[in-house]
Amino acid sequence: MKKGHIIGLGIIAIAIVIIMTSIGDASSYESFDTAWEMKEDGDDKAIHVVGQLKKDSAGQVTGLEVGEDKTSFTFLLVDNEGTEQKVYYNEPVPADFQRSEQVVVIGSYREKEIFVADKILMKCPSKYQETDVQAAGM
Amino acid sequence: MINTFVGNLGHLMTIVAFVSALVTAYAYIQYFRANEIEKASWRRFSRISFYIHTASTVMIAFSLFEIIYNHRYEYFYAYSHSSKALPVHYMISSFWEGQEGAFILWAFWNVILGVILIHTNKFWEAPVMVVFALVQAFLISMIMGVVIGDLKIGSSPFMLLRDATQAPIFQMNPDFVPEDGTGLNPLLQNIWMVIHPPTLFLGYASTLVPFAFLIGGLVTKRYSEWIRPALPWAIFSAMILGMGIIMGAYWAYVTLNFGGYWNWDPVENAVYVPWLILVASIHTMITFKKSATALKTSIVLVILSFILVLYATFLVRSGVLGDASVHSFTDLGLSGQLLIYMLFFMVIAIFLAAKAWKHIPTSEKEASVYSREFWIFLGAVTLGLMAFQVILPTSIPAWNALVESFGGISNMAPPADQVEFYTKFQLWFAVAIALLTSVGQFFWWQKIDKKALKEALVTPYIVSVLVSAAIIVLAKVYDWKYIIIVLAGTFTIVANSVILAKLLKKSTFKLAGGSLAHIGLGMILIGIMFSSGYSDVISINMSGLTYSNSWEDEMNKEHVLLWINKPTQMKDYTVVYRGRQKKVVGVPEYVPAKILESTGNVNEAIALEDYKDYFKKGDVVNIVLEENDYFKIDYYQNETLKFSLSPMSQFNEGMGGLISSPDSKIYLNRDLYTYVAAMNDYADPDWKEDENYEVAPGEQFHIADFVTYFDGAEVLKEIDGYQLQEGDVAVKAKLRVLDYDVEKTLEPTFIIRNNQVGKLPVIDTELGLKVSLENILPEQNKFVFKVNQYQKDYVVMKAIVKPYINVLWVGTIIMLMGFTVAIFRRFDEFQKMRDKGLE
């Protein structure tokens with residue numbers, strides 16, 4: 001066998017390993033229901049859940065509880081199927097958290113009552129959609 | 001009054017630039033085809049057309065900057081990216097904060113490069129400039145803002161605010177001009193953000209040059225000659241792009257709060273991947289120049305690097321990443337246009353390469369294991385695999401979008417822990433690269449057989465093992481993975497230093513580029529290993545609070561809550577939060593915020609106390625960005641103050657929320673990195689119920705937890721801001737409140753006028769207290785104080801020690817120097833050949 005072939009095979013082998021691990025380590029978007037099913041099946045892999053913060057009738061965020069030492073908090077997230085879930089995050093409350101339109105939590109269920117987020121991504125109202133130009137200073 | 005002139009000018013120039021780009025492309029094609037007689041006139045026409053294009057592109061940039069610089073908030077771009085309080089250098093950042101500005105910047109660099117190429121080339125001008133002009137046409141189309149029916153081409157930065165938004169105010173008054181803009185994202189208010197984007201875009205723009213030469217080579221059937229002019233540009237591009245990446249990493253390190261310099265975010269990956277391929281292409285091009293092999297590989301890599309830049313642009317700017325990235329890029333509706341841009345050049349390049357493929361010379365002979373070609377090829381392959389490993393998962397959102405556009409459902413998400421995922425591959429690839437460079441360099445400079453190789457490598461090998469052993473013992477590197485990295489990194493540095501020394505002895509510095517760059521690589525590897533692998537969070541919460549859930553105890557609390565003035569133990573340090581500060585013009589240090597009171601004008605305050613020799617009580621001072629708060633954190637060791645850090649945070653209403661930046665104490669061998677993650681909001685305090693205290697002068701009592709002394713009262717002759725009349729009585733009580741090692745004086749005042757009582761309470765935001773003198777009971781010789789509490793000021797903070805991070809920064813500088821040396825050498829070669837009339 002020529003050296004070129006060996007290298008070629010080596011490259012293909014490594015490329016296959018890369019593709020397999022990329023698929024294997026890729027996370028997925030789930031709802032809280034499917035995430036809990038995964039947990040019950042013994043799958044502890046971190047997954048993504050997209051949702052919105054729970055709001056009361058006045059549009060205020062409810063269910064946000066900050067830990068006593070302010071270094072962690074829990075909140076209520078409603079996923080796109082309408083399931084409400086208490087989520088724990090081991091970080092101080094991000095600055096624009098309550099303003100976010102959409103929250104992606106990446107993590108897994110600890111127990112049925114609590115979903116532990118390892119990371120939170122927030123989508124905040126974009127400046128481009130700003131339609132309320134302030135009339136101040138006219 | 002609305003100024004529409006500048007916007008119209010900018011818009012007109014956009015159209016001129018677009019049309020002239022197309023004309024230039026056509027004219028250069030004619031010049032290329034024309035016979036000898038007509039050639040000169042076509043060339044003159046093509047050049048004039050390109051100069052018109054250049055001038056109009058410069059005018060576009062000028063118009064946009066004029067709008068920002070003169071605060072023309074009737075324009076959407078200025079309104080949404082800038083504000084009056086911004087200093088000029090941040091107005092420059094405002095320019096490219098929006099995507100439109102970024103495209104203009106890109107187009108601007110392209111015309112500069114185009115002008116340089118016209119004046120440095122002879123044979124290559126026509127084909128190269130055709131490619132340039134076409135790229136320019138695509139770029140300019142991104143900012144055209146032309147709407148034909150349902151088809152929208154580009155997004156114009158010269159849109160008026162009233163056309164961009166449907167705000168009701170414009171129905172009442174179409175000529176309404178907002179007083180101020182919404183401001184520049186505070187994260188971009190950093191000096192690195194002034195120079196990082198232009199550098200990065202110059203890097204992006206310059207990848208076009210080798211690509212254009214390649215296309216020129218394929219069209220003119222000079223299948224191998226294009227390498228000589230392309231090579232210095234490829235190295236230039238890799239250098240600038242590398243510099244841009246490093247600046248971005250450094251910016252992230254000094255302004256973002258994720259605690260590091262690299263996060264494997266899609267936006268970072270999108271630049272890293274083309275850079276890897278570019279570096280691989282440089283190596284194969286150099287190999288080709290030496291030994292006529294690897295030409296086809298070079299062609300593939302050069303095409304790939306340019307297409308990957310376009311792909312990166314597509315990923316980042318089309319909105320396809322969606323919530324996969326922490327960087328927020330808004331979808332301007334350009335995704336289709338960006339896709340066509342990428343596919344257009346991809347199809348052309350693949351078509352031309354495929355057509356020429358069987359004519360491209362190859363070397364039939366198999367490369368020996370003892371040849372440099374073999375080792376360099378392995379290096380290029382490894383770089384390619386590195387790039388593949390990163391781009392594959394980064395493209396998951398694009399894959400989802402693709403599946404969904406065909407009606408399928410794909411719920412794949414990027415890996416949950418990106419840092420861990422990418423590191424486990426990239427680390428070992430990087431080790432392989434490091435080892436390949438050290439071996440490869442020996443082959444490069446001398447023809448070597450098995451025996452000579454052993455002899456050449458044995459000394460560096462022994463030296464690097466000894467040096468590694470010293471590093472491992474001294475720095476306590478006990479993880480086997482990290483030991484391998486230290487070995488590989490040291491071996492790279494030592495082996496390449498040996499080569500460097502030999503080169504310098506024998507010939508000039510001009511040849512040293514390669515070994516310098518590789519020494520830098522070794523240092524970068526070691527620097528990354530230490531600063532990331534051994535980064536140590538020292539702000540572990542040790543407050544001793546018990547949590548409701550047992551599992552919460554298992555979680556490391558990586559932040560500490562610091563109440564103002566209260567000492568808190570943090571590993572080797574005792575830290576104390578001392579309150580907020582502001583930056584004042586003309587004062588080299590931060591000034592406590594409590595002695596400044598806003599005058600109501602932007603960035604202006606009145607001093608409530610003297611401050612050192614800088615200003616006196618009552619002076620009006622200018623604040624640098626008044627919305628910035630700098631939190632003073634004192635670090636003590638053995639009861640002595642070692643240093644203070646001032647991490648920043650900015651409350652920006654227009655941007656919606658708080659944004660904070662870290663501050664680091666930089667030592668030669670480590671950084672101590674500190675940032676504020678949450679803080680007290682005392683703008684609108686929620687006062688608790690009244691507490692009344694009856695105290696006699698000289699007595700000691702407690703307000704909340706504070707030991708307080710009531711030293712006595714005095715009758716005032718005058719009060720600041722109040723006109724005392726005949727018969728008025730004003731009494732000021734003096735309270736001393738102790739909070740740890742700080743003593744504060746609070747002086748509430750009590751006024752009687754015509755049997756009416758007036759009270760002037762004092763509010764101390766740091767202690768969270770409101771104290772007023774409620775009543776005086778002369779017969780009992782007692783004073784009544786009313787106290788309302790809120791809460792003491794606090795910050796929640798994180799502190800991380802990053803060892804040997806300077807090795808990383810020094811390594812990057814050495815690597816960039818290596819690239820620079822190589823550029824000069826290769827450009828020199830090209831010039832010599834050109835002046836001989838050979839090219």
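Two strands are said to pair if DSSP finds at least two bridges between them. Helices (H or I, at least four residues) and strands (E, at least two residues) are DSSP runs, numbered from the N terminus. The structure shown is a predicted model, in which local features need pLDDT of at least 70, side-chain atom pairs count only at pLDDT 80 or more, and totals for chains, interfaces and linings use all residues. Residues are numbered from 1 along each chain as its sequence is written, while chains are lettered from A and ligands numbered from 1 in the order in which they are written.

**Figure 1. Strands 21, 23 and 24 of chain B.** Strand 23 (residues 749-753) of chain B is joined to strand 24 (residues 756-760) of chain B by five bridges, and the two run antiparallel. Within this pair, Ile751(B) is placed opposite Gly758(B) of strand 24. The hairpin of strands 23 and 24 has two residues between the strands, and Asn754(B) there takes a positive phi near 50°. Strand 23 also pairs with strand 21 (residues 729-739) of chain B, again in the antiparallel sense, over four bridges. In that pairing, Thr749(B) of strand 23 is the bridge partner of Lys732(B). Strands of a sheet pair through backbone hydrogen bonds, either parallel or antiparallel.

Figure 2. Strand 10 (residues 604-607) of chain B is connected to strand 11 by three bridges. Glu604(B) has Asn622(B) of strand 11 opposite to it.

Figure 3. An unreviewed UniProt entry lists residues 100-318 of chain B as "domain: Cytochrome c assembly protein". UniProt positions are given in the numbering used here, feature names are shortened, and annotations may be inferred rather than shown by experiment. The span of residues 100-318 is 69% helix and 3% strand, and its end C-alpha atoms lie 13 Å apart. Helix 13 (residues 295-317) of chain B has 23 residues and should span 33 Å at 1.5 Å a residue; its end C-alpha atoms are 33 Å apart, which agrees. The expected span of a helix is 1.5 Å times one less than its number of residues. A residue is buried if 20 or more other C-beta atoms lie within 10 Å of its own, exposed if 12 or fewer, and partly exposed in between, with C-beta atoms placed from the backbone. After helix 13 comes Gly319(B), with a positive phi near 85°.

**Figure 4. Two loop residues of chain B with positive phi.** Most residues other than glycine have a negative phi, and most peptide bonds are trans. Trp264(B), which is not a glycine, has a positive phi near 55°. Trp264(B) sits in the loop between helix 11 (227-255) and helix 12 (266-291) of chain B, and counts as buried because it has 20 C-beta neighbours inside 10 Å. Lys571(B), also not a glycine, has a positive phi of about 50°. Lys571(B) belongs to the loop between strand 6 (568-570) and strand 7 (573-583) of chain B, and counts as partly exposed because it has 14 C-beta neighbours inside 10 Å.

Figure 5. Ile540(B) is located in the loop between strand 4 (536-537) and helix 21 (550-554) of chain B. This residue is partly exposed, with 15 other C-beta atoms within 10 Å. Although Ile540(B) and Ile800(B) are 260 residues apart along the chain, their C-alpha atoms are separated by 9.8 Å.

**Figure 6. The two domains of chain A.** The domain assignment of chain A gives domain 1 (1-27) and domain 2 (31-126); such bounds come from an automatic or database domain assignment. The centres of these domains, taken over C-alpha atoms, are 38 Å apart. Chain A has two helices and seven strands, and 24% of its 138 residues count as buried.
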